[in-house]
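Welcome! Please have the sequence and the 3D view ready, and try each exercise before you read its solution.

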Amino acid sequence: MAAKAPIEDISEDARNMEVSPPKDWAAGVPGVLHSMIPGIKEMGAGRALTLLTDMNQKDGFDCMSCAWADPDHRKTFEFCENGAKAVTWEATPVTIPTSFWAQNSISSLSGKSEYWLGMQGRLIEPVYKPKGKDHYEPISWDDAFALIADRLKAMDSPDEATFYTSGRTANETAFIYQLMARNLGTNNLPDCSNMCHESTGKAMGEVIGIGKNTIAYKDFGKADLIIVMGQNPGTNHPRMLTALEECKDNGGKIVAINTLHEAGLSRYKNPQRVRGIIGHGTGLADQYMLIRAGGDGWLMKAISKKVLEAEDAAPGTVLDHAFLEEHCQGLEEFREHVKDLDNDMVLKATGLTQAEIDELADRYLHSERVIITWAMGLTQHHDAVSIIKEVINLLLLRGNMGKPGAGASPIRGHSNVQGDRTMGIWEQMPEKFLAGLDREFGISVPREHGYDVVKSVTAMQEGKTKVWMAMGGNMVSAVSDTHAAEDGFSKVGLNVQVSTKLNRNHLTVGDEALILPVLGRTEIDMQATGEQSLSVEDSVCAIHATKGKVKPISSLLKSEVAVVVGIARALWGDDGPIDWAGFEKNYDTIRDHIEAVIPGFTDFNKRLRQDHGFVLPHGPRDSRTFPTKTGKAMITVNDLEYIERPEGRLLLQSMRAHDQFNTTIYSLDDRYRGIKKSRRVIFVNPDDLKELGIADGAIVDVHSEYSDGVDRVVRAFKAVSYPTSRGCAATYFPEGNPLVPLGLTAMGSNTPASKSVVIRLEPASVPAGR
Ligand SMILES: Nc1nc2c(c(=O)[nH]1)N[C@H]1C(S)=C(S)[C@@H](COP(=O)(O)OP(=O)(O)OC[C@H]3O[C@@H](n4cnc5c(=O)[nH]c(N)nc54)[C@H](O)[C@@H]3O)O[C@H]1N2
Ligand SMILES: Nc1nc2c(c(=O)[nH]1)N[C@H]1C(S)=C(S)[C@@H](COP(=O)(O)OP(=O)(O)OC[C@H]3O[C@@H](n4cnc5c(=O)[nH]c(N)nc54)[C@H](O)[C@@H]3O)O[C@H]1N2
Ligand SMILES: [Mo]
């Protein structure tokens, strides 16, 4: 298909920003129309309609915009506004022509915004940047594979290579990708999960034995109470609003706990319903708690204390004694510990009133089936692991786990981030899995843990990384401390990026670099034995197939599976113990190996072809069996932190706007928050602005403060008065990432603490601009 003219760059000057009051409702018809217009305009009505009606359907493809679960009864349009944006972004007919690479040097492209880069269209041919050159140039697939194999073989140790994964990669690709890394001899398998729900995995893994959601989709409709913490579903998991609405329809209540007022948590206009189209929609949150950043663990502990006090006042009636006795341990230590909880500290750390806390306690005590959901507002703090353990403590006290309508529900981000972990994308996979690989393939994989994301940046900075490969993603923009990451990437010998669209990581490279363009989820994947399907795992452990529907945008594209196989065959030929060539011909063969190595995948190929796939076994959810060290769920004593905010400083979080998918920027607007035409914004509570003597709308520089004394700064942001809790401020990711120190990570999970950075605002030192 001929390349169309790409979209022009647009100024990101904060002075262009248009600010209006935030909305108090989400979705509805404007949302869906918003989503369909760009698709229809760009792709033509036929292609757009095929894609939008095949999305999240049996025999269709899985939406790549989040890991939200599919309901049993799917509608014709089972997608949301942001899913539609993701699809149109990928399936655009705009492509990057060969001439682009000669016309644009890497240095000149580095000056472009992430938005502009993404809008240049799909990558359609492999390109190579030789040492000493400032341009990419076309290269054949065979030469690219040979070059990668050559550089990998030239390394002194397999640990000089690192293999990153972004969580959109399907199960089959992820499985053979980690197999390639481990067969080479390294566990350097960092992934986006290290920056995302790692704190959840760590906390839940320790206390209940598994890091995954303990509920099924249907439980949302059965809950009496759903507490949504540190999550903005109206933007990031819009189809979850339907599940929340189901809860309300059945008489359930919803409590939102957030540092900001988010439109999607207040009111939802379901476009599939008459009252969502013409009426006021459904009011969602019955209680909205505007909490201080990082205060959630204190709140959970305070509610737990109330639960224990209620039990003392009416013994035998409040706790779920049968559950606690049979399945849990640690109650007595916890009971002693919370007795000493300092109520003044709770009020200070949460910024809430006693009445608000009492109201939540009351709701919890009067609900028999409670679900607590959470996302990045809990996982990206220095003591995130402890905060999440406090969530589990509260649930366990009243047996809210492993029964209908109740449980712990971490809502995953990338559409297959959970599946990638199941497939072995982790720098610290347990012995059982590694031994399984050895047995299945007759090989011997390494046991020493590899680098996670943060450690991989340090290794690059220290010059220890000769070959970097990324299966999707844009780590240089996604990780904290952008300048440290740029420094690291500039020291890598060969940078191999497997991608669909151009991004910052292609321009932040060392000596040599390759961009390998691949099929997206929407495109038909044709191999020697016919059209192939892949599989993914959603947030509630359901495995289902995903199959591309439209003709690939270029005949030069390979599937991600074919790229891994190409490299592996260039490395080891066809005579080794692993039949790489067979994987590419027929993905069923990969699934047979997955079945042999990973529990829960019995009859994988057969069950994948059944209607909705299947659900992986889950001890706590299915039978209240807890695969922890002791076989019991652990109620734990956790020390919580209070992040001090020195005089004149604020606590900054960096979050997503409505028109972005992580580092992919669809537009410069954030409709629900009333922001248009620029993303260089910092939201501040009006009283804090007053106290700091900063006018609403002033252009400021934002400096972060950290123990290493480095002055990290982003310049020329517009300070906008906004309903956020006192002392807390918010900006967008990735623009805010230069402010997050690489060393500021969650204890135990090493996840960048992107939601609690101490900052100060100063008058802008340079004119507004990019
Ligand atoms: N459209 C779209 N969908 C997406 C994504 C996207 O970028 N765009 N990204 C995907 C990915 S990878 C992920 S991980 C998810 C992310 O989904 P979310 O976690 O919803 O993403 P964030 O924008 O980081 O929002 C964090 C929320 O937590 C709140 N918050 C911040 N700090 C605190 C705190 O200390 N306590 C409490 N209670 N609240 C706090 C913020 O105000 C915000 O509402 O979404 C996925 N889906
Ligand atoms: N400050 C701050 N930083 C954060 C966060 C935050 O809340 N605040 N959130 C963190 C979280 S939760 C996450 S998950 C990470 C995300 O980190 P990443 O997963 O690394 O980043 P993405 O922006 O999702 O990656 C986008 C790129 O993936 C490629 N891509 C898209 N589709 C495909 C495909 O089908 N195949 C291939 N091969 N490539 C594809 C495109 O080239 C695109 O540019 O960021 C983290 N960083
Ligand atoms: Mo994520």
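**Exercise 1.** Decide whether aspartate 191 and arginine 421 are buried or exposed, and find what joins them.

*Solution.* Start with accessibility: aspartate 191 and arginine 421 are both buried, where buried means under 20% relative accessible area, exposed over 50%, and partly exposed in between (1.4 Å probe, protein chains only). Next, look at the side chains: aspartate 191 and arginine 421 form a salt bridge, with the closest N and O atoms 3.1 Å apart. A salt bridge here is a side-chain nitrogen of Lys or Arg within 4 Å of a carboxyl oxygen of Asp or Glu. Helices (H or I, at least four residues) and strands (E, at least two) are DSSP runs, numbered from the N terminus.

A word on the model: it is predicted, local features need pLDDT of at least 70, side-chain atom pairs count only at pLDDT 80 or more, and totals for chains, interfaces and linings use all residues. Residues are numbered from 1 along each chain as its sequence is written, chains are lettered from A and ligands numbered from 1 in the order in which they are written, and side-chain values use heavy atoms, leaving out hydrogens and water.

**Exercise 2.** Which parts of the chain do arginine 151 and glutamate 512 link?

*Solution.* First, find the bridge: these two side chains meet in a salt bridge of 2.8 Å, N to O. Then locate the ends: arginine 151 sits in helix H7 (residues 141-153) and glutamate 512 in strand E16 (residues 512-517), 361 residues apart.

**Exercise 3.** Describe how domain 1 and domain 2 meet.

*Solution.* Begin with the bounds, which come from an automatic or database domain assignment: domain 1 is 99-196 + 417-620 and domain 2 is 198-410. Their contact (heavy atoms within 4.5 Å) takes 15 residues from domain 1 and 14 residues from domain 2. Now count the bridges: two salt bridges run between the domains. Elsewhere in your search, you can pick out glutamate 537 with lysine 212, whose closest N and O atoms are 2.9 Å apart in a salt bridge.
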